[in-house]
Amino acid sequence: MKNPTLLSLACSLATVPILGYAVSLPLRIRYEIAKFNNLPINFRNLKILHISDLHCRNSNKINIDIWQHILNLDYDMAVLTGDLVLDNVKQIYPHLDGIKSLVKKVPVFYVDGNHERWCFDKIAKLFESIGVNVLYNKIGLFGNKSIVGFRDYDYLKEHNFKGIDLLMDKIANGIENFHIILSHQPQIFNQLKALKKHKMPNFSALILSGHTHGGQVRLPFLPALFAPGQGIFPKYADGWYQNNAGNLKMFISKGLGATHFPLRLYNPPEIAIIELTT
């Protein structure tokens, strides 16, 4: 006769991953407020659509249809913070109509992720041809607002962060003290805090990142266990981080897809709409 206690325990353990997978299927649209003291008037009440880590893996099949959910939402600009494909520019093709519709609605800005390192020239050329603003260590403009985009952190690290120094010098010599910064990997926050402390004391910014997938596989009520590039118990996992003064704020999206391990557990895919206020 089977032990009913062991059978009950086995059933309970089997339910954990099944439930985790089930709750991770629906798309979550996350609404966030970012408050800054002395926010310039031209940034006040700006609504930003943040999309990250789509991780398309099949050029003949759309892995998650986000466009039907977001094209009718209210936002003023959109940012794509990298890893839209797994390893090939063709994997973005099923989403091109959605991206083109997004470009018709609002200005769209893009920075590359580590998974675009195999095709970043091709994806940049493709995006520029449909009206997406590609920011590879560049400053883009949205009306009278500046949007800063950094290359992926691995690329910057390989080049001794030369790109970030040159770009931050341009920012330091500009008129505005507030900027929106796009960077796929959140580790860039360390460099930004150091630059603010030593070179740009009046600098403030909203930093938008992805890459971590929010841990991708999580356990209920526990923080992220692992993030690529940071290892176990990552310093930057998902949600909000800020410096002590509160004038550098970083939001990390949990993203939409998965990489070579194709499942998310207790971690639904998300996009965010972030509103800037005082």
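**Entry 1: helix H3**

I looked up which residues of H3 are buried (under 20% relative accessible area, with over 50% called exposed and anything in between partly exposed, using a 1.4 Å probe and protein chains only), and in this predicted model they are Leu96, Gly98, Ile99 and Leu102. These residues cover an arc of only 160° around the axis, so they lie on the same side of H3; the arc is taken from the directions that run from the helix axis to the C-beta atoms. On the other side of H3, I found Asp97 and Lys104 exposed. The helix and strand names are DSSP runs numbered from the N terminus, with helices (H or I) of at least four residues and strands (E) of at least two. I noted that the cover over the buried residues of H3 includes E2, H2, E3, E4 and H4.

My notes on the model itself: residues are numbered from 1 along each chain as its sequence is written. Local features need pLDDT of at least 70 and side-chain atom pairs count only at pLDDT 80 or more, while totals for chains, interfaces and linings use all residues, and side-chain values use heavy atoms, with hydrogens and water left out.

**Entry 2: the cores**

I then turned to the nonpolar cores, which are sets of buried Ala, Val, Leu, Ile, Met, Phe, Trp, Tyr and Cys residues joined through side-chain atoms within 4.5 Å. The largest has 34 residues, and Leu102 is one of those with the most contacts inside it. Among the elements that each supply at least two residues of this core are H3 (96-105) and strand E14 (270-277), while H4 gives the most, with four residues. Leaving out residues up to four places away in sequence, I listed Leu49, Ile51, Trp67, Leu71, Tyr75, Ala78 and Val108 as touching Leu102, where contact means heavy atoms within 4.5 Å. A second, separate core of 25 residues includes Phe150, Ala205, Tyr236 and Leu248.

**Entry 3: Trp240**

Trp240 sits in strand E12 (residues 239-242) and counts as partly exposed because its relative accessibility is 29%. Its C-alpha atom is 5.6 Å from that of Met250, ten residues apart along the chain.

**Entry 4: confidence**

Last, I checked pLDDT, the predictor's confidence in each residue, from 0 to 100. The protein chain averages 85, and 90% of the residues score at least 70. Over residues 6-14 pLDDT stays under 50, and the model has zero contacts beyond four places in sequence for them. Where pLDDT is low, the predicted coordinates should not be read in detail.
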